[in-house]
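Reader: I have a fold to go through. I want each label tested against its definition.

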Amino acid sequence: MKIIMLGAPGAGKGTQAKKIAEKYQIPHISTGDIFRANIKDGTELGKKAKTYMDQGLLVPDELVCDLVVDRVKQDDCRNGYILDGFPRTIPQAESLDAALGQMGESLDFAINVDVPDEHIVNRMSGRRACVGCGATYHTVYAPTKKEGVCDVCGAELILRDDDKPETVQKRLSVYHDQTQPLIDYYRGKGILKDVDGTKDMDVVFQAITDILGA
Ligand code: AP5
Ligand code: MG
Ligand code: ZN
C-alpha cells in the first residue's frame with residue numbers, strides 16, 4: 001500500500017502517519033524528519049535545508065525529489081510506504097509520478113487531513129518534540145507522563161525552531177500557495193480521500209483505517 005499524507009502544517013500528518021505505519025507494517029518516510037536528522041548531524045544537506053526551514057519556506061525541489069525517489073526504491077518499501085510531507089509542490093508530485101511510472105507502480109491513496117487555519121497556531125504552540133528519538137507530544141492533547149521528558153526514551157522535549165507563531169503563519173501561507181493545489185491534483189487522479197482532522201486523534205485514525213481497510 002502506497003500512501004501520501006496531505007494537510008497544513010500541524011494538521012496531524014506525522015501523528016497519523018506513525019500510527020498507520022505501525023498498523024500496516026510499512027515504513028513512515030517524513031521529509032521533515034529527514035531534514036531535521038540532517039540538521040542535527042550537521043550534514044551539508046542539513047545546513048542547506050535549515051536556512052529555508054527556519055524561515056518557514058520550502059526547501060528547493062531539487063534537494064528533495066532525488067532523496068525521496070531513492071528512498072522509495074529501497075528494499076523495505078517493497079510492500080508500500082507512507083510519505084509524510086512529500087510531495088509538497090506540483091513539480092514534486094510530477095517527479096514522484098514519473099519515478100513510480102518507470103517502476104510500473106502508482107500511489108494507492110492520498111489522505112488529506114483537513115484542519116482550518118484557526119486551529120493550527122494553537123496546535124503548534126503546544127507541540128513538543130523529543131531531542132533524542134523525535135517523538136511528538138502536545139502539552140494539552142498528547143501530554144507526556146512527566147513534564148518535559150520523553151515517555152519513550154527519557155530525553156528532553158523542545159519546541160521546534162519553526163513552531164514560533166510568526167514562522168507558523170509563514171508556513172501556512174506557503175502551504176496555501178504551493179501545497180494545497182495538490183488536493184485537486186490527486187482528486188483528478190481519483191485517489192484523494194478527505195478526513196476531518198479537527199476531531200480527536202483516535203477518531204481521525206479510525207476514519208483513515210476505514211478508508212485503507214482492515
Ligand atoms: P514538516 O516537518 O513536514 O512540517 P509540516 O508540514 O509543517 O508539518 P508538521 O510536522 O509541523 O505537522 P504535522 O501535520 O506532522 O502535525 P503533527 O502530527 O506533528 O516540514 C518542516 C519543514 O521542512 C518545511 O516547512 C520545509 O521547510 C521542509 N520540508 C519538508 N518536506 C519538504 C518538501 N517535500 N519540500 C520542501 N520542503 C520540505 O501534529 C501537530 C501537533 O498537534 C502535535 O503536537 C500533535 O500532538 C497535535 N495533534 C495531532 N493531531 C491532533 C488532533 N487530532 N487533535 C489535537 N491535537 C493533535
Ligand atoms: Mg510532521
Ligand atoms: Zn524520545
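**Surface, fold and one glycine**

Author: The protein chain exposes about 10900 Å², by the Shrake-Rupley method with a 1.4 Å probe, for residues with only the protein chains shown as cover. Carbon and sulfur atoms supply 49% of that area. This is a predicted model: local features need pLDDT of at least 70, side-chain atom pairs count only at pLDDT 80 or more, and totals for chains, interfaces and linings use all residues. Residues are numbered from 1 along each chain as its sequence is written, chains are lettered from A and ligands numbered from 1 in the order written, and side-chain values use heavy atoms, without hydrogens and water.

Reader: How do you know whether the radius of gyration of the protein chain agrees with a compact globule?

Author: The rule is 2.2 Å times the number of residues to the power 0.38, with the radius taken over C-alpha atoms. For 214 residues a compact globule would have a radius near 17 Å; the chain has 17 Å, so the two agree. The C-alpha trace spans about 50 × 40 × 35 Å along its principal axes.

Reader: Why is G56 called buried?

Author: Buried means under 20% relative accessible area, exposed over 50%, partly exposed in between (1.4 Å probe, protein chains only). G56 has 5%, so G56 is buried. Buried residues make up 44% of the 214 in the chain.

Reader: What makes a contact, and which residues does G56 touch?

Author: Contact means heavy atoms within 4.5 Å. Not counting residues up to four places away in sequence, G56 touches T167, K170, R171 and V174. G56 and Q169 are 113 residues apart in sequence and 8.3 Å apart in space, C-alpha to C-alpha.
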